[in-house]
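Subject: Structure for you to look at

Hi,

Here is the structure I promised to pass on. Please open it next to this email and follow along.

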Amino acid sequence: MADRSLLRVENLTTQFELPAKGFFKPPVFLTAVNNVSFDLAEGRTLGVVGESGCGKSTLGRSILRLLKSQKGRILWQGRNLLDLTEEEMRAARRDMQIIFQDPIASLDPRMTVGDIIAEPLTVFEPKLSKAERTERVRQIMGAVGLVPEMINRYPHEFSGGQAQRIGIARAVITRPKLIICDEPVSALDVSIQGQVITLLRKLRKEFGLTLIFISHDLSVVRLISDDVLVLYLGRVVESGDCATVFDHPAHPYTQALFSAAPIPDPKLARLRTRIRLQGDPPSPLNPPKGCVFSPRCWKATDICRTEMPPIEEVRPGQKAACYHMDRPSME
Ligand SMILES: Nc1ncnc2c1ncn2[C@@H]1O[C@H](COP(=O)(O)OP(=O)(O)OP(=O)(O)O)[C@@H](O)[C@H]1O
């Protein structure tokens, strides 16, 4: 990945404490994000993919330190976010915003659109006058394709696509550096999805944003991302430059996941073997020994069932954690 690192995550582990089953039993911990590391350069978009429950949303929220039990390092502009006080963390969140999947549910129905979009300004720029705040809101509404005259309307008067534009306006109004997009188009009609993706790409360019784009929709991820991180049971199994990983997936899990996604290049499409993933991922409460993917993997051998494979370079710009990964042939 490229040079100017904006965010570096090192060995991030996030657990949820589940209530104990019996009266005298200790609480149980579910590891949703397990030892995740990656580097995100300024201006790039990192796609985070994997099946449902593999830890994508937990990773997004962990970066903003919205969850309790987190270990590792989240290096942001030279500081480890996990070392900050609550107050310092609140201030840091000005530069890091999140957009959620369900646009209408994530907007307060009792607030006007203007008040919703202005909310971060009241927190981070409290000295602005009412007139200045309204002007900023009107400007940003224009930038996200909303008619500024809608400023006094309520969320229920908007369609899903417009509601997501309101969420995006709220996220960008303080001019953050990083936006975490957690399945931002999954709840929208396909035709509207394209418009929201186009808007995110436009804002990325205009505002110099860096994005983390969480999605289970691989074609959407490919459309917007520069880099990709493939998660399985909370772990990174493969990462790298998006085009390389999509065209030459090295890890069997990535191969299976991507084999269901459309491939634009017909030559590569012909080469791609169709692999059907059998069964569901195991529970993170009871992870398999060795490689976490081994119980579903058609390449697994004894070593895979006992030892965790290290993450290694496949080719420049691509890494995978598999003893039997597809490596480039020597020519
Ligand atoms: N608040 C919570 N309390 C307990 N367990 C949780 C909580 N939130 C998530 N989990 C568990 O953590 C694991 C990762 O969940 P997460 O929602 O991060 O996955 P995901 O990849 O985003 O899934 P999806 O695509 O379905 O949203 C799952 O096993 C999930 O059941």
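The buried residues of helix α9 are P252, Y253, T254, Q255, A256, L257 and F258. The helix spans residues 252–259. Seven of its eight residues are buried, so α9 counts as mostly covered, with 20 or more other C-beta atoms within 10 Å as the cut-off for a buried residue. One thing to keep in mind as you read: this is a predicted model.

What covers the buried residues of α9? The cover includes two helices, α7 (218–224) and α8 (242–247). It also includes the strands β3 (45–49), β9 (227–232) and β10 (235–241).

Is F16 buried, partly exposed or exposed? Count the other C-beta atoms within 10 Å of its own: there are 15. A buried residue needs 20 or more, and an exposed one has 12 or fewer. F16 falls in between, so it is partly exposed. Leaving aside neighbours within four places in sequence, F16 is in contact with L30 and A32. V28 is twelve residues from F16 along the chain, and their C-alpha atoms are 8.3 Å apart.

Last, a pair of helices. Two packed helices are described by the angle between their axes and the distance between the axes. Here the pair is α3 (residues 113–124) and α4 (residues 130–143). They pack at an angle of about 110°, and their axes are 10 Å apart. Angles of 65 to 115 degrees count as roughly perpendicular, so α3 is roughly perpendicular to α4. The crossing of α3 past α4 is right-handed.

Which residues make the contact? From α3 they are G114, I117, A118 and L121. From α4 they are R133, T134, R136, V137, I140 and M141. The residues of this contact divide into six nonpolar, two polar and two charged.

Best wishes

Note on methods: Residues are numbered from 1 along each chain as its sequence is written. This is a predicted model: local features need pLDDT of at least 70, side-chain atom pairs count only at pLDDT 80 or more; totals for chains, interfaces and linings use all residues. Axes are lines fitted to C-alpha atoms, for helices over the stretch in contact, and angles run from 0 to 180 degrees between N-to-C directions. Helices (H or I, at least four residues) and strands (E, at least two) are DSSP runs, numbered from the N terminus. Angles under 35 degrees count as roughly parallel, over 145 as roughly antiparallel, 65 to 115 as roughly perpendicular and the rest as oblique. A crossing is left-handed if the near helix is turned anticlockwise from the far one by less than a right angle, and right-handed if clockwise. Two residues are in contact if their C-beta atoms, placed from the backbone, lie within 7 Å. Ala, Val, Leu, Ile, Met, Phe, Trp, Tyr, Cys and Pro count as nonpolar, Asp, Glu, Lys and Arg as charged, and the others, Gly among them, as polar.
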